[in-house]
Amino acid sequence: MNTYIDIGINLTNKQFYNEHEEIINRAMDNGVDCMILTGTSVRGSQESAEIAKEYPEILFSTAGIHPHEAKSFNGESIHQLRMLLQEDHVISVGECGLDFDRDFSPRPIQEKCYKAQLELSIEVNKPLFLHERSAFTRFNELTDDYLPRLPKAVVHCFTGTLHEARIYLDKGFYLGFTGAISDGKRFKHLEEVIRYIPLDRMMIETDAPYMLPKNMPGMKHRRNEPAFLPYVAQTIAHLKKISISEVAEETSTTARQFFRL
Ligand SMILES: [Zn+2]
């Protein structure tokens, strides 16, 4: 059976309340034998780290503040994230970045919160899990100031253009792809992006409970979960005209090296 690594699951989302064990077991039954829980706030990062600790070598977590949550950023936040990042199973700083699509937090606060986390990643020397939505220019301006000192970085749930993808690759960044790549209506342009990006620079993720793959038979499920990750791999295999086992193997190797798993 093919095995996969899901580099982004929001397991502490309330849609998964009280179902963590079932969700993880179903994922493993489908070959998803390693999962990284996304921390999106200090509290969420603490919860994710606690859950991950109970599943050694299967679950890992990130510690960070999502741009939507930047309004919660305060003088204690970086210290609290730093404490979490001392744990071996907390493997990455993020998710962090800029989101000018919904502007749930004021932009100046998003920027301050993002820069503090870039500095933290340099300090703890753990890779970055980045989020950028409708903020490409400003995101790059801010990030470029730190670029020579930054650890490895992945722009997760990439939905940008081929031009943007190439700019990220030129910076040495990796790209994370979700079920969005199977949405031929909204994200048709991602087909050429997938064909262009080499497997040693891409990783796969569900971003569950969001981003349900469109190529799933019987669209009864509304909520995405890590068990559905093989559908993301299937779309990549189809677009690149390669086997799904190659996608599974190569993206897993890329993720293991990137996150030092
Ligand atoms: Zn995100």
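A residue counts as buried with under 20% relative accessible area, as exposed with over 50%, and as partly exposed in between (1.4 Å probe, protein chains only). With that in hand, welcome to this structure. This is a predicted model, in which local features need pLDDT of at least 70 and side-chain atom pairs count only at pLDDT 80 or more, while totals for chains, interfaces and linings use all residues. Residues are numbered from 1 along each chain as its sequence is written, and side-chain values use heavy atoms, with hydrogens and water left out. Helices (H or I, at least four residues) and strands (E, at least two) are DSSP runs, numbered from the N terminus.

**The zinc site**

- Glu95 (OE), His131 (ND1) and His156 (NE2) are the protein donors of the zinc ion, at 2.0 to 2.2 Å from it.
- Donors here are N, O and S atoms within 2.8 Å of the metal (3.2 Å for Na, K and Ca); water is not among the atoms, so sites may look incomplete.
- Along the sequence, the donor residues of the zinc ion follow the spacing E-x35-H-x24-H.
- Glu95 sits in strand β4 (residues 90-99) and His156 in the loop between β6 (153-155) and α6 (162-170), so this pair ties together parts that are 61 residues apart in sequence.
- Both Glu95 and His156 are buried.

**Salt bridges**

- A salt bridge is a side-chain nitrogen of Lys or Arg within 4 Å of a carboxyl oxygen of Asp or Glu, and a search of the whole structure finds 11 of them.
- One of these joins the side chains of Glu225 and Arg26, at 2.7 Å from N to O.
- Because Glu225 lies in the loop between β8 (202-204) and α8 (229-240) and Arg26 in helix α1 (residues 20-29), the pair ties together parts that are 199 residues apart in sequence.
- Glu225 counts as buried, at 5% relative accessibility, whereas Arg26 is partly exposed at 33%.
- Arg82 and Glu123 form another salt bridge, their closest N and O atoms being 2.7 Å apart.
- Arg82 belongs to helix α3 (residues 77-85) and Glu123 to helix α4 (residues 107-124), so the pair ties together parts that are 41 residues apart in sequence.
- Arg82 is partly exposed, with 26% relative accessibility, and Glu123 is partly exposed as well, with 47%.
- Asp144 and Lys171 also meet through their side chains in a salt bridge (2.6 Å, N to O).
- That pair links distant parts of the chain, 27 residues apart: Asp144 is in helix α5 (residues 136-144) and Lys171 in the loop between α6 and β7.
- Asp144 counts as partly exposed, at 35% relative accessibility.

**A buried tyrosine**

- Look for Tyr55 in the loop between α2 (42-53) and β3 (59-63).
- Its relative accessible area is 19%, so Tyr55 is buried.
- Tyr55 and His89 are 34 residues apart in sequence, and their C-alpha atoms are 9.7 Å apart in space.
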